[in-house]
Amino acid sequence: MDFKLSEDEQMFINLFSDFCKKEIEPYAEEADQKKEIPRSHFHKLAQIGYIGLPHKEEYGGQNAGTFRSLLSMQTLGKACGSTFFSVGASGGLFGLPIHHFGKEEQKKKYLPEINSGTKIGSLGITEPDSGSDVSAIKTVAKEISKGLYHLSGQKTYITNSPIADDCLVLSRVQDLNGKEKGLTHFFVDLNAKGVQRSKPMEKLGLKASQTGALFFEDVEVSSEDILGTLGKGFRQTMQTFNMERLSLAAWSIGLMEVCLEESKSFASTRRSFGKTISQHQSVGNLLAEIYTKLEASRWFTYNVAWEMEEAEKSGKGNMHLSGKCASCKLFATTSAREVTNLAVQIHGGAGFMEEYKVARLYRDVRLGEIGGGTSEIQKLIIAGSILKG
């Protein structure tokens, strides 16, 4: 596996790293306190090309591969987790299904505005009574005349729902005779009649990435609003989840990099018993654990990203990599939670204070083992993949 970037790709990564340090990272703490990221973050990340990385140039993208996209996600995740999640929900969770499954007119309609940061997207799958069990959703689109539907139901824990312009809503479909036609994604204008939004939910971490509920009551949608083909929503969702899980691993790597940097800096300046705490073997052991978990997660994730990119080039899709994506996500997010705990421990009493970055990271990291399917669900996917093989 060759992880070497071209000269242009490496130049972009270096440029993007400098950009994040100057334009994103300095505002992370303020955004967390205000519980919202600046809208300008979307515009700036669009201008530098981040949002459109995986998309084709004709839709305002860069046509970058999975590996370069992953390195960029890692960099943004390191700078600000909330920005990573909100922008990722727009360009990734909303944009990538369009990239993979959308009709040409749908790509032209939605992707340029998403990639330019002009509009914000979201993905509506989770419901109050169904999370990981996607097949159990109750939202339904009932056909009322040929090609015209009324969509009703509720979605919850939806990233960007308080601020998004559009949402890809997964729904059951019933035809004119009441016959089930399978799970289907519909494009829904969140300012349309019949749509209501909750206020942003109060969260443990990632507070600047706004999350909420969506309510639909006889929202009018048509066959033109169907992503791709009627009844293909389940497979579309599963393929999207694979990339989401890899993205969460990338964020975890960025977060662990911050923990290592912050812990190394603190341990090198904090003194006890006449020397810096980094000179105490017990603290050195903690730093060694952080480094080891970070490096193991990094190379595991890079390997899976490389395989994803090869699968994309072959045109086979990524469904055969579901087990590896789940395993990568499980390992990296678990490691990130353990690393953040170690970083707080190294900081001692200071680590319990909000003025130190590791306290915020300790709150943020908890989503990793929940979002994109809990760790328990990942283990089921991994076991199923093993038994299939």
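**Figure 1. A salt-bridge network in the predicted model.** Lys78, Glu257, Glu261, Glu295 and Arg298 are joined in a network of salt bridges, a salt bridge being a side-chain nitrogen of Lys or Arg within 4 Å of a carboxyl oxygen of Asp or Glu. This is a predicted model, in which local features need pLDDT of at least 70 and side-chain atom pairs count only at pLDDT 80 or more, while totals for chains, interfaces and linings use all residues. Residues are numbered from 1 along each chain as its sequence is written, and side-chain values use heavy atoms, with hydrogens and water left out. Glu257 belongs to helix 7 (residues 233-269) and Lys78 to helix 4 (residues 66-79), 179 residues apart; helices (H or I, at least four residues) and strands (E, at least two) are DSSP runs, numbered from the N terminus. Glu257 is buried, with a relative accessible area of 14%, whereas Lys78 is partly exposed at 28%. Buried means under 20% relative accessible area, exposed over 50%, and partly exposed in between (1.4 Å probe, protein chains only).

**Figure 2. The salt bridge between Arg360 and Glu29.** The whole structure holds 23 salt bridges. In one of them, the side chains of Arg360 and Glu29 meet at 3.0 Å, N to O. Arg360 is in helix 10 (residues 357-364) and Glu29 in helix 2 (residues 28-34), so the pair ties together parts 331 residues apart in sequence. Arg360 is buried at 7% relative accessible area; Glu29 is partly exposed at 25%.

**Figure 3. The salt bridge between Lys155 and Glu127.** The closest N and O atoms of Lys155 and Glu127 are 2.9 Å apart. Lys155 sits in strand 3 (residues 148-159), and Glu127 in the loop between strand 1 (121-124) and strand 2 (140-145), 28 residues apart. Both residues are buried: Lys155 has 0% relative accessibility and Glu127 has 5%.

Figure 4. With a disulfide defined as a pair of cysteine sulfur atoms within 2.5 Å, the count is zero. For Cys20, the nearest cysteine sulfur is that of Cys80, 9.6 Å away. Cys20 is buried, with a relative accessible area of 1%, and is placed in helix 1 (residues 7-23). For Cys328, the nearest cysteine sulfur belongs to Cys325, at 7.2 Å. Cys328 is buried, also with a relative accessible area of 1%.
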